[in-house]
Amino acid sequence: SSPTPAPPPSTNTPLASASSLAVQTLWGSYLDTTPSRLKFIDAFLVFLVLSGVIQFAYCVLVTNFPFNAFLAGFASTVGQFVLTASLRSQVNVENRKLFKDVSPERAFADFVVGSVILHFFVFNFLG
């Protein structure tokens with residue numbers, strides 16, 4: 001009679017369940033307390049991150065020719081992410097004390113002007 005093998009380790013460890021609970025609590029709190037305007041901006045930020053990851057993966061895995069096109073596209077994605085994150089921080093109600101002189105309309109106008117200037121430079125970089 002040979003010894004029976006040990007059972008596989010359980011995936012329901014206290015650390016895993018605590019992490020899962022923390023993520024669920026964070027997600028629930030985000031859905032309950034975040035205004036829809038900020039959720040929309042956050043969705044665009046996620047899109048920009050995914051777009052940057054796809055561009056980088058394509059450059060590494062497939063080809064980087066023409067390289068200036070990759071640089072322009074990636075710089076456009078990163079620049080737009082920075083402008084959008086700035087917009088999010090300015091229109092967030094919880095940051096009203098930090099941006100008391102900037103109305104949400106002014107923040108959006110700055111975002112649009114910054115985006116036009118960014119894409120003008122990106123377009124010119126393409127040649």
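The buried residues of α3 are F70, A72, S76, T77, G79, Q80, T84, L87, Q90 and V91; the model is predicted.

Colleague: Which helices are included in what covers the buried residues of α3?

Modeller: The buried set of α3 includes Q80, T84, L87 and V91. Leaving aside residues up to four places away in sequence, I41 touches T84, L87 and V91, among others, and S115 is in contact with Q80. The cover of the buried residues of α3 includes α2 and α4.

Colleague: Is S115 buried or exposed?

Modeller: S115 has its place in helix α4, residues 104–126. Buried means under 20% relative accessible area. Because its relative accessible area is 11%, S115 is buried.

Colleague: Which backbone oxygen lies 2.8 Å from a polar atom of the side chain of S115?

Modeller: Beyond its neighbours within four places in sequence, S115 is in contact with Q80 and L83. An α-helix has 3.6 residues a turn, so residues three or four places apart point the same way. The backbone oxygen at 2.8 Å from a polar side-chain atom of S115 is that of F111.

Note on methods. Residues are numbered from 1 along each chain as its sequence is written. This is a predicted model: local features need pLDDT of at least 70, side-chain atom pairs count only at pLDDT 80 or more; totals for chains, interfaces and linings use all residues. Side-chain values use heavy atoms; hydrogens and water are left out. Helices (H or I, at least four residues) and strands (E, at least two) are DSSP runs, numbered from the N terminus. Buried means under 20% relative accessible area, exposed over 50%, partly exposed in between (1.4 Å probe, protein chains only). A polar contact is a pair of N or O atoms within 3.5 Å; within protein, one must be able to donate a hydrogen and the other to accept it, and residues adjacent in sequence count only if both atoms are side-chain atoms. Contact means heavy atoms within 4.5 Å.
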